[in-house]
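Please view the sequence and the model shown below before reading on.

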Amino acid sequence: MLTRKQYDLLSFIHQKLQETGVSPSFDEMKEALDLKSKSGIHRLIVGLEERGFVRRLPHRARALEVVRLPDNSAPEELPTRNKRVDLFRSQELGTRKAVLRNTGNSVQLNLYGRIAAGTPIEALRDQSMMVEVPITLLGKGEHYALEVEGDSMEEAGILDGDTVIIERAETAENGEIVVALVEGSEVTLKRFRQKGASIALEPANRRYETRIFGPEQIRIQGRLVGLLRKY
């Protein structure tokens, strides 16, 4: 749920991207929302980022992209991807952003690193690695890949060394396998269940225990949508 000012800022950024292909400056945003300082704009952008509505590239001026619009906006209203932001992203990722192969049957995704399917560890954000994925495994959202480390999900058919395909998401349904950020520092792959104010991260191996957290301790970062395995 967006605040009024977050909604207004998102609408203004969306409009500017459509009209000019370049995101507005902080001064332009401050003036449009009639705020007294740029710090207020910064807080609004951080809130939009955390909710998955916009994305910034680090160390780049005016490199801001609208990822999605509120539910009351039709998908076709999403602006054409900012070509300048695309250029910046290519530079950030060493020109290795996700690109369809000539066959149209596969796509390259960023392989960010290893994720524990045992004791939680922090997922490595190695943006130099890529993995080729059949396009049939992907939905309409944004995706990335992680290499599984450990055996706590083996009864769900997820083994040590497998590559899991993750759709970025901030919410999950009970029973879905998710990438969860635990207490702000560790990332793990587990089955998600929520009951009342408690969230359970369940392993798929009887040798491991289910861990229970409060909602403020867990942040969903994606849902499992596919798996790759080398023999």
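Which residues in helix 1 meet which residues in helix 2? Lys5, Asp8, Leu9, Phe12 and Ile13 in helix 1 meet Glu28, Met29, Ala32 and Leu33 in helix 2, where contact means heavy atoms within 4.5 Å. The model is predicted, with local features needing pLDDT of at least 70 and side-chain atom pairs pLDDT 80 or more, while totals for chains, interfaces and linings use all residues. Residues are numbered from 1 along each chain as its sequence is written, and side-chain values use heavy atoms, leaving out hydrogens and water.

**Helix 2 and helix 3**
- Helix 3 covers residues 38–50 and packs against helix 2 at about 95 degrees, with the axes 9 Å apart.
- Helix 2 is thus roughly perpendicular to helix 3 (65 to 115 degrees).
- Phe26, Asp27, Met29, Lys30 and Leu33 of helix 2 make the contact with Lys38, Ile41, His42, Leu44 and Ile45 of helix 3.

**Ring interactions**
- Arg68 lies over the face of Phe53, 4.0 Å from the ring centre (the rule asks for CZ of Arg within 6 Å of the ring centre and within 35 degrees of the ring normal).

Terms used:
Helices (H or I, at least four residues) and strands (E, at least two) are DSSP runs, numbered from the N terminus. Axes are lines fitted to C-alpha atoms, for helices over the stretch in contact, and angles run from 0 to 180 degrees between N-to-C directions. Angles under 35 degrees count as roughly parallel, over 145 as roughly antiparallel, 65 to 115 as roughly perpendicular and the rest as oblique.
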